[in-house]
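Thanks for coming, everyone. Please have a look at the model on the screen, and then I'll walk you through it.

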Number of protein chains: 2
Amino acid sequence: MISQRLTKLLAAALVLIFHGVDAAAAQDPLPSWNDGATKQSIVDFVAKVTKEGSPDFVPPAERIATFDNDGTLWAEQPMYFQLLFAMHRVGVLAPEHPEWKELEPFASLLKGDVKGALAGGEPAIAEIIMVTHAGMTTDEFEKIVKDWITTAKHPITKRPILEMVYQPMVELLAYLRANNFKTFIVSGGGIEFMRPWTEQTYGIPPEQVVGSSIKTKFEMVDGKPALMRLPEINFIDDKTGKPVGINSHIGRRPIAAFGNSDGDRQMLEYTTAGTGARFGLLVHHDDAEREFAYGPESKIGTFSDGLMSEAKQSGWTVVSMKNDWKTIFVAGPAK
Amino acid sequence: MISQRLTKLLAAALVLIFHGVDAAAAQDPLPSWNDGATKQSIVDFVAKVTKEGSPDFVPPAERIATFDNDGTLWAEQPMYFQLLFAMHRVGVLAPEHPEWKELEPFASLLKGDVKGALAGGEPAIAEIIMVTHAGMTTDEFEKIVKDWITTAKHPITKRPILEMVYQPMVELLAYLRANNFKTFIVSGGGIEFMRPWTEQTYGIPPEQVVGSSIKTKFEMVDGKPALMRLPEINFIDDKTGKPVGINSHIGRRPIAAFGNSDGDRQMLEYTTAGTGARFGLLVHHDDAEREFAYGPESKIGTFSDGLMSEAKQSGWTVVSMKNDWKTIFVAGPAK
């Protein structure tokens, strides 16, 4: 018993020392967020669900927070970055496919005419994705993604693609985890396109990434067991698919969800309809100067007027990137 | 700097104190395992992958261990317990289905003739599963499972079903987690049949449970967003499906895998084929007195001669329940 008491005293001493050392940092876990109602709504929510004895207290195991990726954790303009990756792959694979010179959507792509290539709509995009994302093992695909993600540049800003990540959201993820939340990505993007870099970039390990997927098949490749990626859709993790993906991978209703578009609507609805304290947040892209402006007022994006009305009615927090974020992008890729 | 040094000293003091207090427990993290080659193979593997600087060292984030459930973590005789659950549900639902009195496989089931009901093979089992597992929301199904699992008794031993869990495996799970492994279930059983009780029973939260599933659909139920369970197979997490399920849910190749039947073969192959130190283990049911004997020598189970040969050839550990386990079942359900 004496040892246990001593242990508690020592633990308390450790806490005091750490607080002393890191007092400045502890004061503001969200330094890239301007003070105001938006930031306060986050801090208030975290305070109430983590306060033991509070009627809103949520045990750590149930502190599940889900984040959309494109437009929520990193930029998505002028097009989803996974599409940039696919187009890069088309260029790499073109020498093996001389027929692509005459075959849409590849012919346009190879001439640099992205708009022409995408004129074929979803079937054209699906064809590009299948050709560039299937036909190799999962291990090989992981390497392909890693090679691209560490060298790709954004077509407009020319910054490394991993510097198109939002600094305030990286802070928010870390803040939630420091409060014993488990953070997940729930994205319409490809699950295996994200997993190779989400741990280093966001602190989110592969097993906490939910996304769209193609089918894989167990087979022997060079005498070794491997998973071959097949050109066949397995699951689309968007819109009504997001709650389905959450249930499939997490098996618990989140208590907080973060998105930026109509594709996230059902995830926020599903999350905030649960009992007890809940939190929904939408990132509003309204900063043409520092990023891109394509909110509901622009009529060009995927954040509809209807979603904005629903956000207001449901008490979801709407982040104005222009007003709420001191900094937009990370200073450099996570090391 | 002085504070940091002091902190380290205090931390070291804490470690010494804890070791002093818990010396007896620390000596043997696997008290229900008899000493011998089997137990030693587990301890040796854990020692080498956790020893910093060792050529076999594996960083904590990559210490993924996957466990089959039926026959590996709890018993599976005289039939999978999920089938006991389904049969119970048929009885509960029977008053709403007068037609079942004349309709197989339900007619036989209702007369208590399990063998007759299962004579229809897989289609009959699928029909029983669909009728009993679909048509309600995921929240409702969770409650149904919880109600059953906390009251059901084993048909032969008459023990509560959650006392049919193997004590040595519960210790093994805790031992791995104490060494910073992340433990997952990868079972042919229903993912949503397991999740309501795996956290309390095995210390494995819902998001670390991989299993077979039916499709779900997002819809409004009584004006609230919910997921409705559909009578349609989504994924079978067995045999070649296990590596597929692992990749889908975990996104990393495990470094250790634990099973007990031919359904686990590909999971062990996939796991142990990775680079670096790997560990495969199969539970051999050879204890007719304390449990059930249905290993390869019995020719009645799902652990084939071929699997035993492969285990020997691949250096997988084979647990003799008779010789390696001091105790078989937990003393009571986890509180």
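I'll start with chain A as a whole, then go to a helix pair, then to the strands.

First, the ground rules. This is a predicted model: local features need pLDDT of at least 70, side-chain atom pairs count only at pLDDT 80 or more, and totals for chains, interfaces and linings use all residues. Residues are numbered from 1 along each chain as its sequence is written, while chains are lettered from A and ligands numbered from 1 in the order in which they are written.

Chain A has 14 helices and 7 strands. Those are DSSP runs, numbered from the N terminus: H or I over at least four residues for helices, E over at least two for strands. The C-alpha atoms fill a box of roughly 75 × 55 × 35 Å along the principal axes.

Does the radius of gyration agree or disagree with a compact globule? It agrees, because 335 residues would give a value near 20 Å, and chain A has 22 Å. That radius is taken over C-alpha atoms, and the rule is 2.2 Å times the number of residues to the power 0.38.

In chain A, 41% of the 335 residues count as buried. Buried means 20 or more other C-beta atoms within 10 Å of the residue's own, with C-beta atoms placed from the backbone.

Now the helix pair. Helix α8 (residues 138-149) and helix α10 (residues 191-202) of chain A have axes that come within 9 Å and cross at roughly 60°. Axes here are lines fitted to C-alpha atoms over the stretch in contact, with angles from 0 to 180 degrees between N-to-C directions. Who meets whom? From α8(A), the residues include A:Phe141, A:Val145 and A:Ile149; from α10(A), they include A:Phe193 and A:Trp197. Contact means C-beta atoms, placed from the backbone, within 7 Å.

On to the strands of chain A. Strand β3 (residues 209-221) is joined to strand β2 (residues 182-190) by 3 bridges, and the two run parallel. There, A:Gly190 stands opposite A:Ser212. On to β4 (residues 224-235): 8 bridges join β3(A) to β4(A), antiparallel this time. A:Glu219 stands opposite A:Ala226 in that pair. Two strands pair if DSSP finds at least two bridges between them. β3(A) and β4(A) form a hairpin with 2 residues between them. In the turn, A:Asp222 has a positive phi of about 55°.

Last stop, chain B. An open sheet of 7 strands there has mixed pairing, in the order β4-β3-β2-β1-β5-β6-β7. Its edge strands are β4 (224-235) and β7 (317-320), each pairing on one side only.

Methods
Buried ≥ 20, exposed ≤ 12 C-beta atoms within 10 Å, placed from the backbone. Contact = placed C-beta atoms within 7 Å.
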